[in-house]
Amino acid sequence: KSHYLNHLIVKPLFEGLQKGHTLETIIKKNSYMDEHFLHFYTIGIQNNNLIEVLEIYINRTKNQMETYTKKFSVYVQIFSYTSVGLIAILVYQIMFYPLNMLSGI
């Protein structure tokens, strides 16, 4: 997995810098980079405050990932409870099927 990320992101950055392109230009061309990262990077460079702006970006991205993870876990939980409920109803129906047959005789 690390080699894959290196090939997609780091290698094009390194090659672009060796060719003399600016980091901003390389990031714009790289489709795997987050467009919000470029926005935050540009603001940080223009304000000479890159580290603080990128820390804000990291916190923002981390909060988004936590939100997505929580939403996903809620959906998994709903699916799990629904599945267990359906299995319980199915088992109940299977257990009482012989009794229904006897009452029909």
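Select phenylalanine 40 and show its neighbours: leaving aside residues up to four places away in sequence, phenylalanine 40 touches Val53, Ile56, Tyr57 and Arg60, where contact means heavy atoms within 4.5 Å. This is a predicted model, in which local features need pLDDT of at least 70 and side-chain atom pairs count only at pLDDT 80 or more, while totals for chains, interfaces and linings use all residues. Residues are numbered from 1 along each chain as its sequence is written, and side-chain values use heavy atoms, with hydrogens and water left out.

Phenylalanine 40 is found in helix H3, residues 35-46. Helices are DSSP runs (H or I, at least four residues), as are strands (E, at least two), and they are numbered from the N terminus. With a relative accessible area of 15%, phenylalanine 40 is buried. Buried means under 20% relative accessible area, exposed over 50%, and partly exposed in between (1.4 Å probe, protein chains only).

**The core**

Next, select Leu13, Ile26, Ile27, Met33, Phe37, Leu38, Phe40, Tyr41, Val53 and Tyr57, the ten residues of the largest nonpolar core. Such a core is a set of buried Ala, Val, Leu, Ile, Met, Phe, Trp, Tyr and Cys residues joined through side-chain atoms within 4.5 Å. Colour by element: H2, H3 and H4 are the ones that give two or more residues to this core. Which of the elements gives the most to this core? H3 does, with four residues.

Threonine 42 is buried, at 17% relative accessible area. A polar atom of its side chain lies 2.8 Å from the backbone oxygen of leucine 38. For reference, a polar contact is a pair of N or O atoms within 3.5 Å; within protein, one must be able to donate a hydrogen and the other to accept it, and residues adjacent in sequence count only if both atoms are side-chain atoms.

Then move to asparagine 48, in the loop between H3 and H4. Its phi is near 50 degrees, a positive value in a residue other than glycine. Is asparagine 48 buried or exposed? Asparagine 48 is exposed, with a relative accessible area of 73%.

Select lysine 28 and glutamate 24, which form a salt bridge with their closest N and O atoms 4.0 Å apart. The rule asks for a side-chain nitrogen of Lys or Arg within 4 Å of a carboxyl oxygen of Asp or Glu, and by it the count comes to one salt bridge. Lysine 28 and glutamate 24 are about one helical turn apart because they stand four residues apart in helix H2, residues 23-29. Lysine 28 is exposed at 55% relative accessibility, whereas glutamate 24 is partly exposed at 26%.

Go to helix H4 (residues 50-103) and pick leucine 99, which is partly exposed with a relative accessible area of 47%.

**Two distances to check**

Valine 10 lies in helix H1, residues 2-18, and at 45% relative accessibility counts as partly exposed. Draw a C-alpha to C-alpha distance from valine 10 to lysine 70: 30 Å, for 60 residues along the chain. Finally, return to phenylalanine 40 and draw one to serine 83, 43 residues away in sequence and 43 Å away in space.
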